[in-house]
Amino acid sequence: MSNTATIEINGKKYEMPILTGTENEIAIDISSFRSQSGVITLDQGYKNTGSCESEITFLDGEKGILRYRGYSIEELAEKASFLEVCYLLIFGELPNKVQLEKFHNDIREQSIVADDMKKILDGFPQSAHPMGVLSSLTSALVAFNPSSVQVSSEEAMYKAIVKILGKFPVLVAWTHRKRLGYPYEYGDEDLGYVENIAKMMFKKPNKEYKSNPVVIDALDKLLILHADHEQNCSTSTVRIVGSSHAGLFASLAAGISALWGPLHGGANQAVIEMLEAIKEDGGDTKKYMGKAKDKDDPFRLMGFGHRVYKNFDPRAKIIKKSADEVLSSLGIVDPILDIAKGLEKEALEDPYFVDRKLYPNVDFYSGIIYRALNIPTEMFTVMFALGRLPGWIAQWREMRLKKEPIGRPRQLYQGYTHRPFKSVDDR
Ligand code: CMC
């Protein structure tokens, strides 16, 4: 195959280099196209635009493959812990025992949050959406940890990374506890990373906390499944904010806001609200299938479809199995699970969904597990953020280490051409 692509405009030819990835994906490098031709490429929603070269996550949407640093998501979900996956994503290799222990200890050392942060949290109404609270608190962390990250120093980067991995779960837990009206507490440093998060979130003020291995396993798996997903909306946000050399915490706060939307991470909340509404409405799934297909109805089947997966989302397969296991281990019968399975069955047989290659995504069944773990619906997207944290960090670190230029897309202007100013009396 030729290693250049030729673009012809008005009889003039421009040669653009062709790059090949390690999985044989092919890209045309158009970075010099505008300087050569004066012409830009247009791709709303970046449906076919690569924004970077990355070594972190590979996904093949046609084949339903997802791998972190070369390891399949199925194997990682089965065999790894979330903390191992954090290390793998951020630093590129699975840690040995010594490295893992040191990483965990360094995180533990940094897991105290300035007590004044509680005053900020207290300022929010109890009804505030936890994603807004979490984004604000993450941003506020900058004020309490003002030294900017020296990206030329691996040590300074490492320190910022273990700081946020230590403090973020505390912010998540306190946000949850605020909603419940519980005192803000810490967990127990001697526990595993995820077990400690569970304790910080769920410990009742008047009762000793007993961890349930089914709950910890389910949380661990969910966090791993959400840990990275290459250049999605929130990750691209983190990279683009970081590309202006804003610090790590500020970049992450922006990523949290991007994740909040119902077309992205907010879908897990939207799925449960949709399933609840269907149940309340008598469980008539056909009616809602009809609404989803009706172009005059804004209703969409939440938890279905994906920008990249045009085959099964491999994460959804793992989560569906896990939802069955968790509910039966905890002895929970949730009618919503049956509605979800019914909807999935109908969609997979319906030409509208089949033709458009719309399959359940990661968010379709995750909410059912979160519900079983007693996590309130509004906290679901926060749990997604907790899982996505290492991915955002890894992508931010990679972007800074590679000295990527500031992100700055072009546009095709379609507004007025030059016109004279009219004074207010003449308008
Ligand atoms: N229900 C009904 N129709 C749908 C749905 C859906 N959930 N998703 C896509 N379509 C239709 C859409 O109307 C369009 O039809 P047509 O070609 O006739 O105009 C076609 O399928 C292609 O959809 P699109 O909106 O152009 O696709 P996209 O790649 O821009 O959007 C998506 C992807 C995930 C935003 C979209 O599928 C969606 O809104 N899904 C529901 C929200 C959701 O579950 N989001 C979670 C995504 S996974 C978690 C994460 O990583 O964020």
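Predicted model: local features only at pLDDT ≥ 70, side-chain atom pairs only at ≥ 80, totals over all residues.
Local features need pLDDT of at least 70, side-chain atom pairs count only at pLDDT 80 or more, and totals for chains, interfaces and linings use all residues. Residues are numbered from 1 along each chain as its sequence is written, and side-chain values use heavy atoms, with hydrogens and water left out.

**Strands**

Strands are DSSP runs of E, at least two residues long, and helices are runs of H or I of at least four; both are numbered from the N terminus. Two strands pair if DSSP finds at least two bridges between them. S5 has two such partners, S4 and S6.

| Pair | Sense and bridges | Residues between | Positive phi in turn |
|---|---|---|---|
| S4 and S5 | antiparallel, four bridges | four residues | Gly 64, about 70 degrees |
| S5 and S6 | antiparallel, two bridges | two residues | Arg 69, about 50 degrees |

Both pairs form hairpins. Asp 60 has Ile 65 of S5 as its bridge partner. Tyr 68 stands opposite Tyr 71 in S6.

Side chains alternate along S5 (residues 65–68). Leu 66 and Tyr 68 point to one face and are buried, meaning under 20% relative accessible area with a 1.4 Å probe, protein chains only.

**Pocket**

A pocket is an open set of points on a 1 Å grid over the protein atoms alone, where a 1.4 Å probe fits, with protein on both sides within 12 Å along at least five of seven lines; lining residues have an atom within 4 Å of a point. The second largest pocket holds about 500 Å³ of space, the volume being that filled by probe spheres set on the points. It is lined by 21 residues, and Phe 202, Lys 204, Tyr 209, Leu 373 and Asn 374 are the closest to its centre. Helices H7 (154–180), H8 (193–202) and H9 (213–226) each supply at least two residues of this lining.

Note on methods:
Buried < 20%, exposed > 50% of the residue type's maximum accessible area, 1.4 Å probe, protein only.
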